[in-house]
Amino acid sequence: MTDPNTLSHLDLETPEKPFLDANELVINMGPQHPATHGVLRVILRLDGEKVLGLECVIGYLHRGVEKIGENRTYTMFNPYVDRMDYVAAVSNGLGYCETVEKLLNVEAPPRAQYVRVILTELNRIASHQLWLGTHALDIGAITPLFYTFRDREEILKIFEKYCGARLTTHAFRIGGLQYETYAGFEKEVKNFLAFFRPKIDEYEELLTTNRIWLERTKNVGRISGEDCIALGVTGPVLRASGVKWDVRKAQPYANYKNFDFDIPTGQKGDTYDRYLVRMAEMRQSVRIVEQAIDSIPEGPIIAKIPKVMKPAVGEVYHSIEAPKGELGYFIVSDGSTQPYRVRVRPPSFVNLQALDLMCRGQLVADVIAVIGTLDIVLGEVDR
Amino acid sequence: MAPVATPFFFYLLSGIMLIGGVLVITRKNPVHSALALIVTLLAQASIYLMLYAPFVAGVQIILYAGGIMVLFLFVIMLVSVDRVQRERQFNSQWVVGIIAATALGGLFMAVYTKGKDIFPEHALPMVESDNTQQIAMKLYGQYMFAFEIASLLLLVAIIGAVVMAKKRI
Amino acid sequence: MFAYIKSYLSSAQTPGAAGNMFWVLVYILVIFTGLAIAVMLMTWLERKVLAHMQVRLGPMRVGPHGLLQPIADSLKLLLKEDIMPAEADAFVFWIAPFIVVLAAFTVFVVIPFGPTHAITDMNIGILFMLGVSSLSVLGIVMAGWASNSHYPLIGALRSSAQMVSYEVAMGLAVVSAILMTSLNAEGTGTLSMIGIVQAQLAQHEWFIFKFFPLGLIAFFIFAVAMIAETNRAPFDLAEAESELTAGFHTEYSGFRWSLFFLSEYTAMIAVSSIAVTLWLGGWLRPFPNLLSGPTWDRAFSLFPGIAFLFLAAMCFFNATRMPKHPLFRIQTIGLAVFGIVLGLIGLILFIPAVSMRVQDIFWFSAKVGGFMYLYIWYRGTFPRYRFDQLMQMGWKVLLPLGLGVLILTAGVALLQQKLWHP
Amino acid sequence: MESMLHITTLHYLVLGAALFLLGVIGVLTRRNVVIVLMSIELILNAVNLNLVAFSRMWGGLHGQVFAIFVITDAAAEAAVGLGILIAFFRNKETVNIDEVNLLKW
């Protein structure tokens, strides 16, 4: 039998002699399982309760988003990207719009940039709230879920007032914004910030020093910074392993360089560190929104772009920091109204690769914790 | 309170015990055997109660039914039973075994028919209420040494079981 | 016949000990009906309390404030199709829930709700309780195995290992409490449940405060072990829904599932009753020795009536707060009627003859109710332990602690007998 | 008929003997180690029954104390026996006792 401890850090092949050992138990977790956050199917090979290895089977939510992109005009494809990471639809839209703007060589006007940053950061908070609630629920703390959903509701209300949708917002347009902010937008966002800041402490009170929470998350699903980089893992998972990489700082997009914020990092790369990093990120997001909301400039909200978009032949890759990691779009234009190829680099999909490495040698209960801490959204994994 | 309807309960319980015993040694599926054994053990605990041995009855339920049988079931689940069930259930010397057992039974019959006069007709009176205290006194007084040996035996058994069952120590 | 029935009423014994079979049957009927009602009430309470802890309302539709929800639930469960997996071992699958229910209910034979309010008094009462409640693990193991499915199997393995391990710590804690019963002139302890409470009365002290903090630690060990024994959060690994979907009863549905449900709650009440009997003075009212005398007896016997009147007042208050919409008229009236019923019960309880006889039951139920609330509270606040951590806690923390408490208790008891009362 | 209705020690002894025989038959004829171990439990229980019956007969408690020792012994036996069984199963992937013949000469 392969000793999980002796595996080199990137030996992700399924060990030989797969199902012969009589002490091995093969368990099919999902696609219908309460803790796989959608339709993820994980085939676990267990020795008693210890995980010897696992394999993710994905594709149950495949809708061919990339292929659809080849058959739609640039504008028509915009709403589709919201359906990938439906928890952070605004981020998806921002990434797509900025990529096409890069292809078209236009830039959104400053007012649009500010509103974009505010909405994206609010969406980051909403996404982390949903993560926190479901992650805690998986580990057995059923109460935080209701607290986070109560507070997430306030963000969704702002979205709804702004663009009429709560989940798949389609908030941005190529070149800027479709809608001017509604009257009282600034006030409501400020109210939300004042309301939300003590709530983060409330979540932390429930969990951060809870003995059982500490025991369940510390040293669970550890992954080193090198392994993260080798696997292409990004986002809070990477930062919790001690790598200070954030696309907002490393390759500033929108107007993030105007804002002052920190990149929270962890040291050990375990589930607890990832929890702390995400909690700190919520505070940083609040900080960014605070700076942005006070300085929204006046002006147009959309740049001058042609009615029929026909970008020059060429290709472009642009990535943003989505709540779950680096979300990249690679678009090839053949000069027509429709992209020749759209390729999405979804953070969940890439992060999910690390699941096997993080779970080996741990227990079944830890697999649940690790799936939760990776913060995957199956819509984005399968696209 | 004196036991009521002793013969009825005796025959009922011994019937349950014997049927249970037969099921234990004839079932193909070990889980069914274990279930039958549990029934036998519980019936036996009731017979202990009829014999004014409540403490032993309690120990029988806790240790046998609640402890040892759980261990049995645990192990039955760990070792897969599907294949074994389809195989031959009795070993090749079962004829010899039955003959030996019958001979033993004949011996018992002989002994009991010959020597049944030595048993007194009426049992001596026993006080029910302080059974536990008296057993404790015996256990920690007269049988102290045996008690210590028994605890040592259990310790050895624990270590032995761990050594046997663990893959890598 | 009538004389036979009447002859028991003035006796100071439990019907089982007095050998009066009619009253034994009556007691069995009353206790088991009461348990069924208590379990229903508990499901309602759990959903409501948990909901209020989680900023939501809980059941509100069936009856005023969802009071009739348990009835609707049980009706639904009884009408559901009873599914048995194709590859399941039919007989074992069929019998497993009954074993669990039997184990959970049989325990109540010896639980004393008052000095005479128990079905019977056994001289091995506590041993019997521990033994019978340990039988429920057999049912759980069989349910998991018979389902012939991976999740139930893992759930069954987990829960059997868990229950067997925590029984050890539990037993040690119980033994240290039983040791305390022997601190009388004759030096003879007792295993009888009624005897244990009477020892606490005789020693003028609940065992939780005895040899402070030894009694408290033993109680704490028991309180942790009993949650593990009943497979409740944070030790609900056997039915951890996020890991094993539902553990050993994943494949069960309808009536059989409801038997597991019933037995889980009954077992919770049973172990809480053990804890109350051993450490919290069972049916004794607070301060039976400090505030003794007929005046205090009278004063404390008012409590059951006051409690019911308080509940009635709550009902009336909530009835006035009901929405004034005509749709809610029936609910409002229902709540008010419920309040009137509670109030009438409260008024009956003010009759001295009645209150003197039932106040034992009231105090016992109140203490058990406190434990039930704790169960809900734990579920609302704690994440779930992992299996190895659970085992570690059982064997490496609770077991040594229990052994230490046992030895210290024995030592202190000896010292007390030798030095202070030679 | 009179002797049937008056339960004496002999009745318990006969019951014990019958249980013992069942256990012996199980040990001698079955292949499955688990069931063999259970048959041994049957034998031990038969002995216990005799001990307790004798204790009742003589009015002493020595028999009951011995019964407790036998139960202790049964626990130890079951633990070690099942441990061996697991080790055996791990090596040979069977629980049939007549396949344990490596030491047979």
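Biologist: What do β6(A) and β7(A) form?
Modeller: They make a hairpin, with two residues between the strands. Keep in mind as we go that this is a predicted model.
Biologist: Staying in chain A, where is A:D366?
Modeller: You'll find A:D366 in helix α14 of chain A, which covers residues 364–374.
Biologist: Is A:D366 buried or exposed?
Modeller: Buried, because 26 other C-beta atoms are within 10 Å of A:D366, and the cut-off for buried is 20 or more.
Biologist: Which residues is A:D366 in contact with, leaving aside its neighbours within four places in sequence?
Modeller: A:V220, A:G221 and A:C359.
Biologist: And how far apart are A:D366 and A:D138?
Modeller: In sequence they are 228 residues apart, while in space the C-alpha to C-alpha distance is 10.0 Å.
Biologist: Where does B:Y52 sit?
Modeller: In chain B, in the loop between α2 (30–50) and α3 (54–78). B:Y52 counts as buried because it has 21 C-beta neighbours inside 10 Å.
Biologist: What about C:H65, what is its phi?
Modeller: Near 55°, a positive value, and C:H65 is not a glycine. This residue is in a loop of chain C, between α3 (21–53) and α4 (69–79).
Biologist: Is C:H65 buried or exposed?
Modeller: C:H65 is buried, because 21 C-beta neighbours lie inside 10 Å.
Biologist: OK, chain D now. What is its secondary structure?
Modeller: Chain D has four helices and zero strands. Along the sequence the pattern reads α-α-α-α.
Biologist: What radius of gyration does chain D have?
Modeller: Chain D has 17 Å, whereas a compact globule of 105 residues would have one near 13 Å. Along the principal axes, its C-alpha atoms fill a box of roughly 55 × 30 × 20 Å.
Biologist: And how much of chain D counts as buried?
Modeller: 59% of its 105 residues. If you take the contacts in chain D with a separation of 6 or more, 46% of them come from residues 24 or more positions apart.
Biologist: How many residues does the contact take from chain D and from chain B?
Modeller: It takes 63 residues from chain D and 74 residues from chain B. On the chain D side, the elements giving two or more residues are α2 (9–29), α3 (33–58) and α4 (62–92). α4(D) gives the most, with 22 residues.
Biologist: What classes of residue are on that side of chain D?
Modeller: The side of chain D that touches chain B has 42 nonpolar, 15 polar and six charged residues.
Biologist: Last one: how many residues of chain C are in contact with chain A?
Modeller: 22 residues of chain C, and they touch 26 residues of chain A. On the chain C side, α11 (241–244), α16 (352–381) and α17 (387–420) each supply at least two residues. By class, that side of chain C divides into nine nonpolar, seven polar and six charged residues.

Terms used
Residues are numbered from 1 along each chain as its sequence is written. Chains are lettered from A and ligands numbered from 1 in the order in which they are written. This is a predicted model: local features need pLDDT of at least 70, side-chain atom pairs count only at pLDDT 80 or more; totals for chains, interfaces and linings use all residues. The radius of gyration is taken over C-alpha atoms; the globule rule is 2.2 Å times the number of residues to the power 0.38. A residue is buried if 20 or more other C-beta atoms lie within 10 Å of its own, exposed if 12 or fewer, and partly exposed in between; C-beta atoms are placed from the backbone. Two residues are in contact if their C-beta atoms, placed from the backbone, lie within 7 Å. Ala, Val, Leu, Ile, Met, Phe, Trp, Tyr, Cys and Pro count as nonpolar, Asp, Glu, Lys and Arg as charged, and the others, Gly among them, as polar. Two strands pair if DSSP finds at least two bridges between them.
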